[in-house]
Amino acid sequence: MTETILDPRGPGLMVVTSSAPPASPIYLAAGTSTIWPVANLVMYYPISIDSPIAVAKMGWVNGTTVSATYHIDAGIYSDTPSGPGTKLASTTSTAQGTASVMQTAAVSYTLSAPARYYLAMTVDNILSTIWMRAAQGLGTCASMGICEETTGGFGLPSTATPILAAHEVFNQVIVSGASVI
Amino acid sequence: MSERVLPARVAPPAIFLSSISPDTSPGRELPNFSAPTLASAAWAATNRAYYVPFTLRSSVTVYRFFWSNGTTSATTKFQVGVYTDTLKAIKIGTQTTAAGVSAPQFDNIADFSLPKGRYYMAMHGDGTGSHIIRGANNFFQLGAAGLVAESSLTSGLQATATAVAYPNNYLPIFGLALRSAP
């Protein structure tokens, strides 16, 4: 006998970003090209998904100043009662590409659901620009549960050691179940 | 062949379930209006409490309460709690003097579980010296989103709230932390 299991909600979204609900950036200023504030700073953004995603790509939106000598690493971390935990997948070190467009890199990992994860991103310098919502200096990222870490070197750590975000860095880290985006 | 319908999958709520998270009424309603930029402002009235409706579609563990301190820290004591949809207290935190600026402050209450359901999160301030990060949405928009308030609470949040219509253009940022740290 073949059994078909139905989810009355149907499938969830194929592309999820760090700015999607349950993030609440509704009060932040509009996005603009902004330098990464500290070299090797890692930002962790909580996300929630209701359906599994077979991640094919991760990405971000470049700002107006880019260079192939600048490097970015974007990844996915598990959720623990103490914040981001273990690195599940990442783009690894990726040279920054074209200005003012979305940049993606291949990632292969399946996110089970429903569940919460953290999307992470780090940049190896403070000249590189990323498209971000404007900083307000009011702890608004911290009040959304966003975390950060300075590891002392470039790259996403295998295990996060987060603190509550002290920097107002709200950018759009992208996970895509579609291979073309 | 048979078919079996499973319960709908539900994404977990925001890890810091705040008064502007999508799980709350203002988080859903205010993007449809002209949402103002957040700013630091003095607590609106001595011994006033604000109640913000929210919905949980799955059970959660609440580890801490929090509020977002503004740019001026004085001697005001703040308090956060959770109420049923009939405004009966489920958990009331400790009245705590504001400390620090432009960052969240936490009240590390004993962990407790909240099953799926409809609730209010509540915040009380006993004075107007300290600042909170808040939206200055029109009070009628906040009222239309289901927010209510209560005044003259000289002893802080009570076991039963006696709420009235929303009185002013003031939406403080506060809520429930669904993780223990950071």
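**Figure 1. Where chain A meets chain B.** Let us start at the interface of this predicted model. Here 45 residues of chain A are in contact with 46 residues of chain B. The area buried between the two chains is about 3,500 Å², and carbon and sulfur atoms give 62% of that area. Between chain A and chain B there are 9 residue pairs in polar contact, counting pairs with both residues at pLDDT 80 or more. Several strands of chain A each bring at least two residues to the side that touches chain B: E1 (3–6), E4 (41–49), E6 (71–80), E10 (115–123) and E13 (163–164). The largest share comes from E1(A), with 4 residues. Sorted by class, this side of chain A has 24 nonpolar, 15 polar and 6 charged residues. As for salt bridges across the interface of chain A and chain B, the count is 0.

**Figure 2. The largest nonpolar core, seen around B:Phe54.** In soluble globular proteins, nonpolar side chains tend to be buried together. The largest nonpolar core in this model has 53 residues. Look for B:Phe54, B:Val62, B:Leu114 and B:Leu176, the residues with the most contacts inside this core. Strand E4 of chain B, residues 48–56, gives the most to the core, with 4 residues.

**Figure 3. The salt bridge between A:Arg116 and A:Asp79.** Side chains of opposite charge can pair when their charged atoms come close. Over all chains, the count comes to 1 salt bridge. The side chains of A:Arg116 and A:Asp79 meet in a salt bridge, at 3.7 Å from N to O. A:Arg116 sits in strand E10 of chain A and A:Asp79 in strand E6 of chain A, so the pair ties together parts that are 37 residues apart in sequence. A:Arg116 is buried, with a relative accessible area of 12%, while A:Asp79 is partly exposed at 29%.

**Figure 4. A:Ser128 and its polar partner A:Gln96.** In chain A, the loop between E10 and strand E11 (129–133) holds A:Ser128. This serine counts as buried, because its relative accessibility is 0% and the cut-off for buried is under 20%. A polar contact of 2.5 Å joins the side chains of A:Ser128 and A:Gln96. Setting aside residues up to four places away in sequence, A:Ser128 also touches A:Thr34, A:Ile35, A:Trp36, A:Thr65, A:Tyr70 and A:Val123.

**Figure 5. B:Asn168 in a loop of chain B.** Follow chain B to the loop between strand E15 (164–165) and strand E16 (171–172), where B:Asn168 is found. B:Asn168 is buried, with a relative accessible area of 17%. Its side chain makes a polar contact of 3.1 Å with the side chain of B:Tyr50. Beyond residues up to four places away in sequence, B:Asn168 touches B:Ala44, B:Arg48, B:Tyr50, B:Phe139 and B:Leu142. B:Ala136 is 32 residues from B:Asn168 along the chain, and their C-alpha atoms are separated by 8.6 Å.

Figure 6. B:Ser21 belongs to the loop between strand E2 (16–18) and helix H1 (25–29) of chain B. It is buried, with a relative accessible area of 1%. The side chain of B:Ser21 reaches the backbone oxygen of B:Phe16 at 3.3 Å. Apart from neighbours within four places in sequence, B:Ser21 is in contact with A:Ser24, B:Ala14, B:Phe16 and B:Gly27.

**Figure 7. A:Val180, an exposed residue.** To finish, here is a residue in the segment after strand E15 (174–176) of chain A: A:Val180. With a relative accessibility of 73%, A:Val180 counts as exposed. A:Val180 and A:Trp131 are 49 residues apart in sequence, and 21 Å lie between their C-alpha atoms.

Note on methods. Residues are numbered from 1 along each chain as its sequence is written. Chains are lettered from A and ligands numbered from 1 in the order in which they are written. This is a predicted model: local features need pLDDT of at least 70, side-chain atom pairs count only at pLDDT 80 or more; totals for chains, interfaces and linings use all residues. Side-chain values use heavy atoms; hydrogens and water are left out. Contact means heavy atoms within 4.5 Å. Buried area is the accessible area (1.4 Å probe) that two parts lose on being put together, summed over both. A salt bridge is a side-chain nitrogen of Lys or Arg within 4 Å of a carboxyl oxygen of Asp or Glu. A polar contact is a pair of N or O atoms within 3.5 Å; within protein, one must be able to donate a hydrogen and the other to accept it, and residues adjacent in sequence count only if both atoms are side-chain atoms. Ala, Val, Leu, Ile, Met, Phe, Trp, Tyr, Cys and Pro count as nonpolar, Asp, Glu, Lys and Arg as charged, and the others, Gly among them, as polar. A nonpolar core is a set of buried Ala, Val, Leu, Ile, Met, Phe, Trp, Tyr and Cys residues joined through side-chain atoms within 4.5 Å. Buried means under 20% relative accessible area, exposed over 50%, partly exposed in between (1.4 Å probe, protein chains only).
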